[in-house]
Structures are given as structure tokens and as C-alpha cells.
Amino acid sequence: MNTKASKPHYPILDGLRGVAALLVVAFHIFEAHATSHLDQIINHGYLAVDFFFLLSGFVVSYAYDDRWDKMSIGNFFKRRLIRLQPMVIMGMIIGAVLFYFQDSTALWPTINEVPVWKMLLVMVIGFTLIPVPTSLDIRGWAEMHPLNGPGWSLFYEYIANILYALFVRKFSKIALSLLVFVAACALVHLAVTGPNGDIIGGWSLTPEQMHIGFARMMYPFFAGVLLFRMGKLIKVNNAFFWCSLLVIIALAMPRVGGSAHLWLNGVYDSVVVILFFPVVIFLAASGEIKSKFAGRVCTFFGDISYPIYITHYPIIYIYTAWAVDNKMKLSEAYPVSIVVFLSCVALAYVCLKLYDLPVRRWLNKKVLQKQNNY
């Protein structure tokens, strides 16, 4: 079965994905020193996940909407698995290798009591992204992927891709608009009425957490699909700079409303995800790269964005355990935090060059090209 050749990327969108991924790493480092979400630096860094979902929906629609006359559902799933799954496996392996270095008297005092067979079982299950039951919660945070917490968002990414391939790709613009509107209402309800005044969560198998996970995935992913189908691009100068600045501002914004008015922060989350992020992506997709330097930056950021997102958290577990157990203030820990940040970037780059790219090239050759010959 023949399929169309790969389309060129939107380089600025690639670059923005990298900017958001780097902010996620910084957010998680700062989180180790926060007393609550109210005093967290890069306070809204968690919204990067929603930005990723929106970006993913836009890019998936761009890449595949016009291919369904020559591409089967099975072929689509193979392509998405080849793109995402190798680094899922690597992230779980890194989580397993570093697991016993994450022991913390304050956070995870029983890590060293976990038998190796149980940890390895969790790793193998993690390779599939199937959430583990609570009986296999080897950390104590009730994560669906205890070795690599951010795996939860990839779980919902796969669900979004399945829904797109089976149903939503066939939706008219009107039907898709209705779906997006209903999903937006659900997201606003979650953000404004939630106990913490935000949309943080989605990483557990509990009904409450799964509600958060689906609400955070449904609107942005399918709003991204709708944005691609509706958008008529305009010319935007210096789009990478301005869009990067907008993303940084949105994620770094201090908590809105304080402890007395938690719902105001929920309003902020809703406005950013529902209105602000689509505008940013529209502007970024409309821009052009005119300098070689900017092009290289966008390419580098785009290349490491997914590897850094899916591999950084096992290192963050270690840093968090160290910071909490030793009651380290950020002013005292910043030399270590800088090393941790750079280590996460370096690990992602090594995984990209030595593992992800070679494995994906091999899989594309063995799976997709072989299929195209039939």
C-alpha cells in the first residue's frame, strides 16, 4: 500500500515544542522546593502538557487528514507507534535503572524494599503504556507509571490518536466544532470547580484523576485538529521569538487569585488553554524561518523536545528526594539544579542520537517500506 511522502514540518512549531519541554524540566526542578502550588516558580508549567496536546492535534491533522484515501487505520497506528513508542520504552528503562537511587525518607521510604522482580514487571508493563494497578504502585504516589510519571500523558495521547483515527477524522467541521465546544465546557468546569483551582492531574487510575486526564486531552487535541482545518494562515514576522515569549509568559505567570480565590486560577487555566494557546499555535504556524541560526535552534529544540519530556523525570525523582530530605532551599541548591537541568538535556540528546533516530529509521525501513512494497 503506497502512502504519500512525509510532509515538511512547521519548524516554528517544532521549536515551540522544545521551549515548552525545557520549561517543563525547570518547572519540575522548582517543584522540589515549593511548599504548595501557590508558591511554585514557573507556576503554570503544568499547562505545557495541554500545549503539547494542542500541538499534537494540529500536527496530526496536518500530517494525515489528506492521506486516508491511501492509508489504512493500521498503517496510521504503525506510524504513530514508530514515532512515539521507542522513547516510551527508553523512558521506562531509564526509570528502572535509576529507581533504587530515588529512595527518600520523607517521600518514598519503601523504595529499597521493592523486590527487583516487581520493579522489572512494572517496567515491562510500562513499555506498553498500559497503566499499572494500585497493587503495583511501587513508589507510593499512585502513578499509573511509577517508573516514569510523565508516561500518563502519552497514555492519553494514544487514546486521542485512536479516537481521531476511528471516528473524529470523519467529522465535518460542524460536528468537530460541537465536540470541541463540549470539551471546552468540560475543561472550564474542571478548572473552575476543582478543589485546587487548576487542571493539574491525570496521572492516576482513580475516577477523579481519569476525569482530569480525559478533560485535559479532549479539548486541546481536537481543538488542534479543528484549528488546522479552519485556519487560514497569515504572515507573521519573528514568529518564533514572539511565540516563544508568549509561551514562557503563560507558563511562568504567578498563581492567580491566591488561596482565597482558587477559582480565579481556574479561569486563568481555561483562558490560556482554550483561547491563548490556539492563537500562539496559529501565529507560529503562520511564521517563517528566515535566518539559519533560528532554523538551527528550532530544529534542535524540536528534535530534543520529546526525548527530554519522556526521559527527564527519573532524574527529577532523584533531585526531589535529595532536596526534600535535606530541606534544601533553591538559593542553596541552584548549582545542583543547574547540573540537573543540563543533565536532562544531555541525556535527551544522547537518547535521540544513539537510540531514537536509529531505531525509528530501522522500524520505518522494516515495517513501513516493506509494507509499501506489497
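The model is predicted, so to speak of local features requires pLDDT of at least 70 and side-chain atom pairs pLDDT 80 or more, while totals for chains, interfaces and linings use all residues. Residues are numbered from 1 along each chain as its sequence is written, and side-chain values use heavy atoms, without hydrogens and water.

I begin with the helix pair. Two packed helices are described by the angle between their axes and the distance between the axes. Helix α8 spans residues 239–252 and helix α9 residues 262–286; their axes come within 10 Å and cross at roughly 170°. Helices here are DSSP runs of H or I with at least four residues, numbered from the N terminus. The axes are lines fitted to C-alpha atoms over the stretch in contact, with angles from 0 to 180 degrees between N-to-C directions. The two helices, α8 and α9, are therefore roughly antiparallel, a term for angles over 145 degrees. From α8, the contact (heavy atoms within 4.5 Å) involves Ala239, Cys243, Leu246, Val247, Ile249, Ala250 and Leu251, and from α9 Tyr268, Val272, Phe276, Phe277, Val280, Leu283 and Ala284. By class, this contact has 14 nonpolar, no polar and no charged residues. Nonpolar covers Ala, Val, Leu, Ile, Met, Phe, Trp, Tyr, Cys and Pro; charged covers Asp, Glu, Lys and Arg; the others, Gly among them, are polar.

I turn to the glutamate. Glutamate 157 lies in helix α5, residues 151–166. Its relative accessible area is 8%, hence buried (under 20%, with a 1.4 Å probe and protein chains only). Beyond residues up to four places away in sequence, Glutamate 157 touches Phe53, Ser56, Arg80, Leu84 and Phe221.

Finally, the pockets. A pocket is an open set of points on a 1 Å grid over the protein atoms alone, where a 1.4 Å probe fits, with protein on both sides within 12 Å along at least five of seven lines; lining residues have an atom within 4 Å of a point. The largest pocket has a volume of about 1,300 Å³. Its lining comprises 42 residues, with His9, Arg17, Val59, Arg80 and Arg83 nearest the centre. Helix α2 gives the most to this lining, 10 residues. By class, the lining has 23 nonpolar, 8 polar and 11 charged residues.

The second largest pocket has a volume of about 1,000 Å³. Among its 42 lining residues, Glu31, His37, Ile200, Gly201 and Trp203 are closest to the centre. This lining has 21 nonpolar, 16 polar and 5 charged residues.

Terms used:
Parallel < 35°, antiparallel > 145°, perpendicular 65-115°, else oblique. Buried < 20%, exposed > 50% of the residue type's maximum accessible area, 1.4 Å probe, protein only. Points joined across faces, edges and corners; volume = space filled by probe spheres on them.
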